Amino acid sequence: MMVFHDETTLPNSDLPVVQYRIWSLWERKLTSLVLLSLIFGLTFAVYVSTEKTYLALAAGILLLGSVGRMFVPMQFEMTTEGITRWTLGYRRSFPWADIHSYVLQEEGILILPHRIRYPLDAFRGVFIPIPQKYRIAVQRRFLFFVEKSA
């Protein structure tokens, strides 16, 4: 779900709330299938090589946990206060004033923790995925709010 109007008809102070839901499992079916196959394959390989079920289950759970966000739906909302993300009932907010650095990527926006970029910042950053059909509108809105808060 996405709620917004044509940007050319609205004054900057009257920007509506942007809401959308993304579930990477359905948005990126091929990638999801490859990841699930890889997880099951590696879990099976651990079982075959060690012949211990608990080690195979532990490896499978760890692998699934590392890419687990891809398998749960997330909802995002952009307001004048910041970006809010809901995942499995857990809410996390990112105020515009706290966003010091970001990278617009092909599939979304990576929010980085520091103004100066460090080599491992991508691992500490927060990735905001954006569906293909909303990408340009959401990026414009993001840039507007970030520039306004700076």
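Tutor: Start with a term: a residue is buried under 20% relative accessible area, exposed over 50%, and partly exposed in between, using a 1.4 Å probe and protein chains only. The model is predicted: local features need pLDDT of at least 70, side-chain atom pairs count only at pLDDT 80 or more, and totals for chains, interfaces and linings use all residues. Residues are numbered from 1 along each chain as its sequence is written, and side-chain values use heavy atoms, leaving out hydrogens and water.

Now the sheet. Helices (H or I, at least four residues) and strands (E, at least two) are DSSP runs, numbered from the N terminus. Two strands pair if DSSP finds at least two bridges between them. Three strands form an open sheet here, in the order 5-6-7, with antiparallel pairing. Strand 5 (101–105) and strand 7 (126–129) are its edges, and each pairs on one side only. On average, neighbouring strands are turned by 20° against each other, direction ignored.

Look at strand 6 (residues 108–112). Five of its five residues are buried. A hairpin of two residues links strand 5 to strand 6. Five bridges join this antiparallel pair. Gln105 stands opposite Gly108 in strand 6. On the strand 7 side, four bridges join the antiparallel strands. There, Gly108 faces Pro129, and Leu110 stands opposite Phe127.

Last, the cover. Helix 5 (residues 135–149) lies across strand 5 and strand 6, with contact meaning heavy atoms within 4.5 Å. Helix 5 runs at about 165° to strand 5. Axes are lines fitted to C-alpha atoms, for helices over the stretch in contact, and angles run from 0 to 180 degrees between N-to-C directions.
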